[in-house]
Every structure is written in C-alpha cells, then in structure tokens.
Amino acid sequence: MDRYCKDWFLKLNVTKTKVMIFSRGKVRTVPTFTFNGRKLDIVYDFQYLGIKFSYNGKFTVAQKNLYDRASKAMFALLRKTRKLFLPLDVQIDLFEKTVVPILLYGSEVWCPYMSDLANKLQIRFFKMILKVGKSTPTNMVLGELGQFPVSIQAKCRMLNFWYKLAFSNGSDKLSCVTYRFLFKMYESGVYKSKFLLSVHGVLNELGFSYFWHNQTINNVTDGGYFNTFKALMKNRLQDQFVQTWHSEINNNEFYYNYRMYKENFEFEKYLSILPVNLANAVLKFRTLNHKLPIQKGRTLGIPRQDRICHKCSSGDLGDEFHYIFVCPFFTNYRKQLLRCYYYARPNSVKFRELFSTTKKSLLLKLAKFMTLVMDCLRSE
Ligand SMILES: [Zn+2]
C-alpha cells in the first residue's frame, strides 16, 4: 500500500483511513495495522459511496442508515406540502422523487437482504398524508391509493442490475468480470452468492426462468431487449402483488365489508373529487377509522357476533352496511341525503354501487351522512 502510494504520488490521510475485518462474528483479538508507522483504527462498519458496509457482510445497518436519512427527507417534504396544501397525487409523486431515491439507494446490491424498513416508511408517509390511524391495515391504505409497496421497486432495480451484468456481451468492466466469476462458482456449486441466489429465486417465482438459462447461451445485450425485460419484470411483480392483495382482502374476516365496496386495486376517485375534509371522512369510514360497534368491539376483544348496534333494537351487527342502509336511528338523515333506491331493498350490489360512485353530488351527500354517523357513534 505504502509503495503503491509512493509510485503513484498519492497522499493518504491516515486519520480518515480505517481497517474493516469481514467475518461472521465480531473479531475480538485484532491484529494491529499501521501505515507509515501510524496505527490505523479498526471499525465494524464504514460508509463507502453512500452505503454503510458492516463487518458481517449484511446490510442491516446500511438499510437503517438509509431509513434514517429518508425519514429526514420525508419530514422536510411533509412540512412543505402542508404549507402549500398540495393535493394527494402531487404529494405521492414528490415522495417518489425525493424520498424513495434515498430509501432505495444501492438496493441493486442490498435487495437480497431487504428488511421491511423501506415499506414501513412508505406506509407511514401514506398514513400521515391521509391522516388515518396507525393501526389502519396496510392493504387498505395501499388499496385506496392504488400504490404498490416500495419493495417492488427494489426488486426491479436488483433484476435490472443483474440483467446488465449477465448480458454484458463479455464486457471487461470489473463488475461484469466479477459477475461471470461468481456465476461460474454458482453453477458449479462451489459458492452460492446471496445476490445470485436471490435473482435466480425471483426469476423462478415470476415464471421467467428462461432468462436465467439464457445468460449462458445468448450473451448479447441490446437496449431494446433491456427495456422489454425491465417492463416485463415490473408488470409481473405488480400483478403478483395485486393477486396477493385480492386473496388477503377476500379471505380475511377483517375485510368483510371492505371487500363489498372495494373492487379494484386502484386510486379511489372520491379522494380527488371531494374537498379534503369530506374526502377524509369517506376515507375514515371506509378504512375502519371509526367507532362503529364492529370496529370498537374488535379493539375491546368482543366476539364478532356480539358487536351489535345499540342505537336500535334490531340486534343487527353494528357495521358500515347497517348504518348506511338499515339502522332506524338514522332514518331521517338517510331520507334527506340518499335516494330511496339505495335503502329500499339494500344489498351488496347497491352497497358497492353507492360507495364507488364518482358523481360529485352523491359523494357530497354520502360524505355528510358518513360524518353524521361517525360523530354520533363517537360520543356513544
Ligand atoms: Zn342500528
């Protein structure tokens, strides 16, 4: 090292030079490293090109570090958006452009070690701009906004990075050469790199194993192919997520009413049609941010069948359906605000129809009715 620096007339700042020993456990008895007679510090993690590397080769510390930096950016953004009263879609777009790049920095490399921190920050942001409670189910938050978890982007980045390495047309770039070396070891079973294991696993899971097998046969890269690959991966990952989302909504008792009025995974139009305070009321009503017996009973641990309405003597379950269409306690308001068509013979089809309307006049009335119901039950 000393000789190399002298040969190339390089000056080394010894106070900024650290030694890091990579090992599974923390090395307790460490040898002394010196440079020009000065002792060098031994560290367990080190920030290099914006990523914090840890002695154990994992990226837990790196992700925590990015999470902290992204949180700061997120709060700075929130302060600005609140001052400017920006609409939801603009706030989400700004989050994508100013916070996500920090959060996912270097995820091409650390994605195989991904924790749930990145998704957590994204959900936290969504809940803050929507002003809903912390316990609001993630599936509802993402569902109302039609937004995909940020971990999908990390996976895309990893796959795209892999594609460029694997189909590099024999490039002599250091990363490509290293990749070919790792791949040979992977194929012969000498060493299974976590990065390759992860890429191979995701490709298999998505039904794209042939890309993995093709890398040995057709080692040609082309911008056009890359863009096709990129789009394919993104679409398949998103489709896979929507499928899981649907199955969770349909199979969990928690979403019993939600699945009746929420059909597609997409941004709900009422959020942009209604004025902010009314949109918020509808959102709260739809996402269990209310004190209806069905939700209040859940927090108190009362069995589902006993969470009945106390405003009337029907003995019905006190859920969203009951208050919007049935409960006699609200008959007068209902008559004032809703068309008879909806509550004369209510059923799940009408429930969905009413809740997914994009007619502003109807939405305004519905929002008022929901507000009334929620206010009335809050004081119960
Ligand atoms: Zn009732």
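Is Lys131 buried or exposed, and how many other C-beta atoms lie within 10 Å of its own?

Reply: Lys131 is exposed, because 12 other C-beta atoms lie within 10 Å. The terms rest on a count of other C-beta atoms, placed from the backbone, within 10 Å of the residue's own: 20 or more is buried, 12 or fewer is exposed, and anything in between is partly exposed. The model is predicted, and local features need pLDDT of at least 70, side-chain atom pairs count only at pLDDT 80 or more, and totals for chains, interfaces and linings use all residues. Residues are numbered from 1 along each chain as its sequence is written.

Lys131 sits in a loop, with α6 (117-130) on one side and α7 (138-145) on the other. Its backbone has a positive phi of about 55°, although Lys131 is not a glycine. Phe9, also not a glycine, has a positive phi of about 55° as well. Phe9 belongs to the loop between α1 (2-7) and β1 (18-20). Phe9 is exposed, with 6 other C-beta atoms within 10 Å.

The C-alpha trace spans about 90 × 50 × 40 Å along its principal axes. Of the 380 residues in the protein chain, 23% are buried. Among contacts with a separation of 6 or more, 63% join residues 24 or more positions apart; a contact requires C-beta atoms, placed from the backbone, within 7 Å.

The protein chain is divided into domain 1 (2-42), domain 2 (60-147), domain 3 (165-251) and domain 4 (270-378), with bounds from an automatic or database domain assignment. The contact between domain 2 and domain 3 takes four residues from domain 2 and six residues from domain 3. The C-alpha centres of these two domains are 26 Å apart.

Leu366, leaving aside residues up to four places away in sequence, touches Val282 and Leu354.

Helix α8 itself has 17 residues and reaches 25 Å from its first C-alpha to its last, close to the 24 Å expected at 1.5 Å a residue; that expectation is 1.5 Å times one less than the number of residues. Its buried residues include Cys156, Met158, Leu159, Trp162 and Leu165. Ser151, Gln153 and Lys155 are also among the buried residues of α8.

Three further positions show how sequence distance and spatial distance may be read side by side. Ser193 lies in the loop between α9 (174-188) and α10 (194-205). It counts as partly exposed because 17 C-beta neighbours lie inside 10 Å. Ser193 and Leu182 are eleven residues apart in sequence, and their C-alpha atoms are 7.0 Å apart in space. With residues up to four places away in sequence set aside, Ser193 touches Leu182 and Tyr186.

Ser71 is found in helix α2 (residues 60-84) and is partly exposed, with 17 other C-beta atoms within 10 Å. From Ser71 to Arg298 there are 227 residues in sequence and 32 Å in space, C-alpha to C-alpha.

Lys230 is placed in helix α12 (residues 223-251). With 14 C-beta neighbours inside 10 Å, Lys230 counts as partly exposed. Lys230 and His322 are 92 residues apart in sequence, with 47 Å between their C-alpha atoms.

To return to the request, Lys131 is an exposed residue in the loop between α6 and α7.

Conventions. Contact = placed C-beta atoms within 7 Å. Helix = DSSP H or I, 4+ residues; strand = E, 2+ residues; numbered from the N terminus.
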